[in-house]
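Please consult the sequence and the structure shown below while reading.

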Amino acid sequence: GVCTAWNKVGGPCGGMTAAKEALRCIGGWCDVPAGSPVGVCRDFRKGEEGCVGDVFLDFECGAGRCDRLMHKCISPCAPP
């Protein structure tokens, strides 16, 4: 394989190389349009900001998750 540096917000990401691993993002998530192998690194969505959540492992909400029914970012539960 070939080592590739991950991009920051605003940089390209996705399946840009011939390597089996996709180019990922530092400090954000990879927004890849449907039907395209290449996307753009975006800031993580905040709070209850809208999200798509249509993939098994979506990272658009950072440490939280995307509620697939309400399409809003949900923060992880705080410890008791």
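How many salt bridges does the rule give? The count comes to two salt bridges, where a salt bridge is a side-chain nitrogen of Lys or Arg within 4 Å of a carboxyl oxygen of Asp or Glu. The model is predicted, so local features need pLDDT of at least 70 and side-chain atom pairs count only at pLDDT 80 or more, while totals for chains, interfaces and linings use all residues. Residues are numbered from 1 along each chain as its sequence is written, and side-chain values use heavy atoms, with hydrogens and water left out.

Side chains of opposite charge can pair when their charged atoms come close. Strands and helices are DSSP runs numbered from the N terminus, strands (E) having at least two residues and helices (H or I) at least four. Arg 42 is partly exposed at a relative accessible area of 38%, and Asp 31 is partly exposed at 26%. Here buried means under 20% relative accessible area, exposed over 50%, and partly exposed in between, with a 1.4 Å probe and protein chains only.

Glu 60 and Arg 45 also meet in a salt bridge, at 2.7 Å from N to O. Both residues lie in the loop between β3 and β4 (65–67), 15 residues apart, and the pair links distant parts of the chain. Glu 60 is buried at 3% relative accessibility, whereas Arg 45 is partly exposed at 22%.

**Sheet**

Three strands form an open sheet in the order β1-β3-β2, with antiparallel pairing. Its edge strands are β1 (12–14) and β2, each of which pairs on one side only. Neighbouring strands are turned by 50° against each other on average, direction ignored; the axes are lines fitted to C-alpha atoms, for helices over the stretch in contact, and angles run from 0 to 180 degrees between N-to-C directions. Two strands pair if DSSP finds at least two bridges between them. The antiparallel strands β1 and β3 are joined by three bridges, and Pro 12 has Val 40 in β3 as its bridge partner.

**Disulfides**

The structure holds four disulfides, a disulfide being a pair of cysteine sulfur atoms within 2.5 Å. With bonded cysteines counted along the chain, they follow the pattern 1-3, 2-4, 5-7, 6-8. The table gives the S-S distances of some of these links.

| Disulfide | S-S distance |
|---|---|
| Cys 13 and Cys 30 | 2.0 Å |
| Cys 25 and Cys 41 | 2.2 Å |
| Cys 51 and Cys 66 | 2.0 Å |

The link of Cys 13 and Cys 30 is right-handed, with 95° about the S-S bond. Cys 13 in strand β1 and Cys 30 in strand β2 are 17 residues apart, and Cys 13 is buried at 0% relative accessibility.

For Cys 25 and Cys 41, the torsion about the S-S bond is about -85°, so this disulfide is left-handed. The pair links the loop between β1 and β2, which holds Cys 25, to strand β3, which holds Cys 41, 16 residues apart. Both Cys 25 and Cys 41 are buried.

The link of Cys 51 and Cys 66 is right-handed, with 90° about the S-S bond. Cys 51 lies in the loop between β3 and β4 and Cys 66 in strand β4, 15 residues apart. Cys 51 is buried at a relative accessible area of 8%, and Cys 66 is buried at 5%.
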